[in-house]
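Subject: The structure you asked about

Hello,

Here is the structure I promised to pass on. Have a look at it first, and then read on for what I found.

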Amino acid sequence: MNHDDDTNIGGWDGDFHTTHWTEILKAHTQDESRQRAALDVLLRRYWKPVYCYLRRKGYKNEESEDLAQSFFHEVVLGRKLIQKAKSSQGRFRTFLLTALKRYVIDTHRIEKAKKRVPEPGLISFADIEWLNVPERIRSVSPNVLFDYAWASSLLDQVLTEVESACCGTGQTIHWAVFNARILQPIIENADPPSLGTLCLQHGISNESVASNMIITVKRRLQAAMRRHVRDLVASDSDVDQEIRGLAKIFSDSGAGF
Amino acid sequence: MGKKTTFGLSLDKISRLLRLTLGDRSTQDEKPGDQDPGAVLRQFLSRELPLDPVTPDSLPAVLKRPCHELAVMAGKTIGDLLFDPTTDTLVLRALKDYCKALPKHFGTETWQAVATAVYYASIANGLLFHRIKITELSSQRLGEGFEKLQEKPWVTDELKDLFRRAQAACQERESERS
């Protein structure tokens, strides 16, 4: 994957490669469309974690929405948080969370927030599923909930991207087999179908071929995840550590859950 | 993706999905050298499933079936399976069979030792949490095996505790018979 300055910054679709958006914002500060594109990436990745953190801190829905809007408007955009993060140590999401915590310390901002953000707001909260979130998740610590929402958004993006890539390159059956055998058993707590069953369902010649299909998709998944996480850590060697660290947070926090 | 978002899934499921995206650290294709069995054991216990070989078709036949069966626990580590009371006995059997076959693929003493430890650990889980013996070995023979493994300095404390309790379970079974 080429992480150089990408001239094909599109919208939020399967072809978008998250390049170094800090470089984009620095290098093209006069180009509003590029700034907006980079900001769109950032907002889509982080609005949910920010909102969830605020809800978990006890702010009501409207307060959380307003605070999140004003945070991104004032701090992320206004104070050029991204540029500052480039030179900081550690992960960007940690940096963002620290900035968010500082921002909401002053509770008076709740009242002023509504007045600061231009209409329409930066973020659309139309698809927030807060009420659908199980109570057990909503009751974890704000920090864990922030990470949870971030990880969930990342997984959604990566899974959607890989599914799209498989279907777009003649590997629809590869994806179907991987989804049925590996993903859905995790997501739905369901018994996985046997490889033999999957071979019959999809006209696959033998179980070895089906197994290889699964491995192929898994490797696509790993590559996609590395691509996304790489932008957010200091070096290649930090990628696995970042993912493992998150997995461990959720294992430790969700013991028995 | 059957479900359009992972938001709302349990923490454990998110953890497993994340682990699924980690790079392979394949056991099957590694060239084992003279390694500390403790380090190899810890690495093996932290292996995420599925256990994919680097070259898919290179997987020896004896390892294929257990690998396929273990693949359904994708995202969990081998350590997770061993210490989890809810691990299904079919999965434990697959893990046991995998460990039994592994030394035939890797002929080193280190892998023999590590595979034996995990082999016994999978049996221990069955005894302790399912009250089922997933092996033909006698309770007496198992008890001796558990005892010997507790004496190994490279076996983790958590495994030693598992073996200690399994040994006690074997002694109880032997007592019930007599």
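Predicted model: local features only at pLDDT ≥ 70, side-chain atom pairs only at ≥ 80, totals over all residues.

Let me begin where the two chains meet. Chain B brings 38 residues to the contact and chain A brings 49 residues. About 4,000 Å² is buried between chain B and chain A, with carbon and sulfur atoms giving 63% of that area. The rule also finds 10 residue pairs in polar contact across this interface. On the side of chain B that touches chain A, the elements giving two or more residues are helix H1 (11-20) and helix H3 (61-70) of chain B. H1(B) gives the most, with 10 residues. Sorted by class, that side of chain B has 16 nonpolar, 9 polar and 13 charged residues.

Between chain B and chain A there is 1 salt bridge. It pairs A:Arg244 with B:Glu48, at 2.5 Å from N to O. A:Arg244 is partly exposed, with a relative accessible area of 27%.

A:Asp240 in turn forms a salt bridge with A:Arg226, at 2.9 Å between the closest N and O atoms. Because A:Arg226 lies in helix H11 (residues 207-230) and A:Asp240 in helix H12 (residues 237-253) of chain A, this pair ties together parts that are 14 residues apart in sequence.

Chain B has a salt bridge of its own to look at, between B:Arg131 and B:Glu172 (4.0 Å, N to O). B:Arg131 lies in the loop between helix H6 (109-130) and helix H7 (139-150), and B:Glu172 in helix H8 (residues 157-177), so the pair ties together parts that are 41 residues apart in sequence. B:Arg131 is exposed at 60% relative accessibility, while B:Glu172 is partly exposed at 45%.

Finally, the cysteines. A search of the whole structure finds 0 disulfides over all chains. For A:Cys167, the closest cysteine sulfur is in A:Cys166 at 6.6 Å, which is too far for a bond. A:Cys167 is partly exposed at 38% relative accessibility, whereas B:Cys99 is buried at 2%.

Enjoy exploring it!

Note on methods: Residues numbered from 1 in each chain as written. Chains lettered and ligands numbered in written order. Heavy atoms only, no water. Contact = heavy atoms within 4.5 Å. Buried area = accessible area lost by both parts, 1.4 Å probe. Salt bridge = Lys/Arg side-chain N within 4 Å of Asp/Glu carboxyl O. Polar contact = N/O pair within 3.5 Å; in protein donor to acceptor, adjacent residues only side chain to side chain. Helix = DSSP H or I, 4+ residues; strand = E, 2+ residues; numbered from the N terminus. Nonpolar A, V, L, I, M, F, W, Y, C, P; charged D, E, K, R; others polar. Disulfide = S-S within 2.5 Å. Buried < 20%, exposed > 50% of the residue type's maximum accessible area, 1.4 Å probe, protein only.
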